[in-house]
Amino acid sequence: MADPKRANKSGLGYEVEKKMEQNYDREEATGTPANVVNWVNSLIDGDHETIPATDWKSINTHLRDGVALCKLINKLLKADGKSPVTFQKKVMSPFVAMTNIENFNKGAADYGLSTESLFQSGDLWEVRKGPFLNVINTIHSLGFVANSKEYMPAYTGEITKTIDRE
């Protein structure tokens, strides 16, 4: 869903975008997006439609309005005895979606996720594979914070370390 009015990236911007897409592909090979989808679905099942597939476009499309993310963080906050975040269930404009996404990030920070682990709303809203890795990494890190608080169902993702020599 790239914007047809937007110029294609070239030069350094193109190289950075390709590198980010390769990083996503590497995480996908280790199973991180699948683990994230399984955990999110186990938390929101019954409260929200589950994510139908583990490919990045399906995940992105499903999370894009921020509603599922807000429902996810509200379950975690409630279990931790904290106030839920507010969100709008009917998203009719990008502004409402961005507000929902920002409220998720605020809730994640309140839950205990470091601000360095949060993503920017554009990483989700713009539907680009490379930046979407930031969204996956945020939920991945949130899963580990939830595990440290012994929240069930537990997140089953693993920490993988890679060395980028470029």
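Me: Where is Pro153 found?
Reply: Pro153 is in the segment after H7. A cis peptide bond joins Met152 to Pro153, with omega about 5°.

Me: What is this model, and how are its residues numbered?
Reply: This is a predicted model, where local features need pLDDT of at least 70 and side-chain atom pairs count only at pLDDT 80 or more, while totals for chains, interfaces and linings use all residues. Numbering starts from 1 along each chain as its sequence is written, and side-chain values use heavy atoms, leaving out hydrogens and water.

Me: What makes Glu150 exposed rather than buried?
Reply: Its relative accessible area is 68%. Exposed means over 50%, buried under 20%, and partly exposed in between (1.4 Å probe, protein chains only). So Glu150 counts as exposed. Glu150 lies in the segment after H7. Its phi is near 60°, a positive value in a residue other than glycine.

Me: How do you know that Val127 is buried?
Reply: Val127 has 9% relative accessibility, so it counts as buried. Its place is in the loop between helix H6 (121-125) and H7. Phi of Val127 is near 55°, again a positive value in a residue other than glycine.

Me: Why does Thr32 count as buried?
Reply: Thr32 has 2% relative accessibility, so it counts as buried. Thr32 lies in helix H2.

Me: What does Thr32 touch?
Reply: Leaving aside residues up to four places away in sequence, Thr32 touches Glu27, Ile136, His140 and Tyr155. Contact means heavy atoms within 4.5 Å.

Me: How many aromatic pairs does the structure hold?
Reply: Five. One of them is Tyr24 with Phe132.

Me: Why is the pair of Tyr24 and Phe132 called tilted?
Reply: The centres are 6.2 Å apart and the planes stand at 40°. Rings of Phe, Tyr and Trp (its six-membered ring) pair if their centres lie within 6.5 Å; planes under 30 degrees apart are stacked, over 60 edge-to-face, and the rest tilted. So the pair of Tyr24 and Phe132 is tilted. Tyr24 sits in helix H1 (residues 11-30) and Phe132 in helix H7 (residues 129-148), 108 residues apart. Both Tyr24 and Phe132 are buried.

Me: What makes the pair of Trp39 and Tyr155 edge-to-face?
Reply: The planes of Trp39 and Tyr155 are 70° apart, with 5.5 Å centre to centre. That angle is over 60, so the pair is edge-to-face. Trp39 lies in helix H2 (residues 32-44) and Tyr155 in the segment after H7, so the pair ties together parts 116 residues apart in sequence. Both Trp39 and Tyr155 are buried.

Me: Which residues form one aromatic cluster?
Reply: Tyr24, Trp56 and Phe132 form it.

Me: What sits over the ring of Trp125?
Reply: The charged end of Arg64 does, 3.6 Å from the ring centre. A charge sits over a ring if NZ of Lys or CZ of Arg is within 6 Å of the centre and within 35 degrees of the ring normal. Lys149 lies over the face of Tyr111, at 4.1 Å from the ring centre.

Me: How do you know that H5 and H7 are roughly parallel?
Reply: The axes of helix H5 (residues 94-111) and H7 cross at roughly 30° and come within 11 Å. Axes are lines fitted to C-alpha atoms, for helices over the stretch in contact, with angles from 0 to 180 degrees between N-to-C directions. Under 35 degrees counts as roughly parallel, over 145 as roughly antiparallel, 65 to 115 as roughly perpendicular and the rest as oblique. H5 and H7 are therefore roughly parallel. On the H5 side, Phe104, Ala108 and Tyr111 make the contact; on the H7 side, Thr138, Leu142, Val145 and Ala146 do.

Me: What makes H4 and H7 roughly parallel?
Reply: The axes of helix H4 (residues 67-79) and H7 cross at roughly 15° and come within 12 Å. H4 and H7 are therefore roughly parallel. Leu69, Leu72, Ile73 and Leu76 of H4 meet Ile139, Leu142 and Ala146 of H7.

Me: How do H4 and H5 pack?
Reply: They pack at about 20°, with axes 9 Å apart. That makes H4 roughly parallel to H5. The residues that meet include Leu72 and Ile73 in H4, and Phe104 and Ala108 in H5.

Note on methods. Helices (H or I, at least four residues) and strands (E, at least two) are DSSP runs, numbered from the N terminus.
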